[in-house]
Amino acid sequence: HARPDEDVTTELQRVYGDLGWIIPETLAGLQRADSVYFDTISQVVAPSWSKGRVVLLGDAAWCVTLFAGYGSSLAVGGADRLGAELAAHPGDVPAALAAWEAAIRPEAERKQKLGRRVKGVYAPTSPLLLWLSLLPLRLASLPPVRRYMIRRFIKG
């Protein structure tokens, strides 16, 4: 939710400045940085992935986002299935595209929903959610838990 003419460091401070932990220190470091790469994570939800003979594939069609994963496998699988449908419907591009989309869309939509459902795990929206997401790491760093994990999973 960027504001017009707001610089990156001010925007990040406004959005994440109250999250605590190491976030304030990290945001303060942005003031000293020579350059800052800043981007958003977006998901495309399109009612159709083709029009005429123009086809969207991969993230351009269904963008599951890095929160869900599966982007590369869906892109490769989608391209392969498109080729198969074009071969199965020689000379009938609209029928091939309809069959392709009918085959791919259910899985792509499941992965899109997964991305929307788990995004809070990777990008907490409040101090409480950030604290909860870091709780397993904090617990794992406690000496008794660390000793147990080493004994259980490393030393066997």
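Student: Okay, which residue does Arg-81 form a salt bridge with?
Tutor: Arg-81 pairs with Glu-85, and their closest N and O atoms are 2.9 Å apart. A salt bridge here is a side-chain nitrogen of Lys or Arg within 4 Å of a carboxyl oxygen of Asp or Glu. Before we go on: this is a predicted model, where local features need pLDDT of at least 70, side-chain atom pairs count only at pLDDT 80 or more, and totals for chains, interfaces and linings use all residues. Residues are numbered from 1 along each chain as its sequence is written, and side-chain values use heavy atoms, with hydrogens and water left out.

Student: Got it. Where do Arg-81 and Glu-85 lie?
Tutor: Both are in helix H4, residues 71-88, and they sit four residues apart, about one turn of the helix. Helices (H or I, at least four residues) and strands (E, at least two) are DSSP runs, numbered from the N terminus.

Student: How many salt bridges does the structure hold?
Tutor: Five. One of them joins Arg-105 to Glu-109, with the closest N and O atoms 3.1 Å apart. Those two lie in helix H5, residues 93-122, again four residues apart, or about one turn.

Student: What's the accessibility of that pair?
Tutor: Arg-105 counts as buried at 15%, and Glu-109 is partly exposed at 31%.

Student: Which residues are linked with Arg-105 in a network?
Tutor: Glu-101 and Glu-109: together with Arg-105 they make a network of salt bridges.

Student: Which residue does Glu-107 meet in a salt bridge?
Tutor: Lys-111, at 2.8 Å from N to O. Both are in H5, four residues apart, about one turn of the helix. Glu-107 is partly exposed at 26%, whereas Lys-111 is buried at 15%.

Student: While we're in H5, what about Gly-115?
Tutor: Gly-115 has its place in H5 and is buried, with a relative accessible area of 3%. Gly-115 and Gly-69 are 46 residues apart in sequence and 7.7 Å apart in space, C-alpha to C-alpha.

Student: Change of topic. Which residues of H2 are buried?
Tutor: Helix H2 runs over residues 23-32, and its buried residues are Ile-23, Leu-27 and Leu-30. They cover an arc of only 40° around the axis, so they end up on the same side of H2. That arc is the one made by the directions from the helix axis to the C-beta atoms.

Student: What's on the face turned away from that buried side?
Tutor: There you find the exposed residues Glu-25, Gln-31 and Arg-32.

Student: Now the surface. Which residues make the nonpolar patch?
Tutor: Leu-139, Leu-142, Val-145, Tyr-148, Met-149, Ile-150, Phe-153 and Ile-154, covering about 740 Å². Patches are made of residues with over 30% relative accessible area and no salt bridge, where like charges are joined within 9 Å and nonpolar side chains (Val, Leu, Ile, Met, Phe, Trp, Tyr) within 5 Å. The areas come from the Shrake-Rupley method with a 1.4 Å probe, and for residues only the protein chains shown count as cover.

Student: Which helix gives the largest share of it?
Tutor: H7, with six residues. Ile-150 is found in H7 and is partly exposed at 32%. Leu-139 is in helix H6, residues 127-140, and is partly exposed too, at 41%.

Student: And which residues gather in the patch of positive charge?
Tutor: Arg-146, Arg-147, Arg-151 and Lys-155, on the surface. Arg-147 has its place in H7, which covers residues 143-154. Lys and Arg count as positive and Asp and Glu as negative, with His and the chain ends not counted. The place of a charge is taken as NZ of Lys, CZ of Arg, CG of Asp or CD of Glu.

Notes: Buried means under 20% relative accessible area, exposed over 50%, partly exposed in between (1.4 Å probe, protein chains only).
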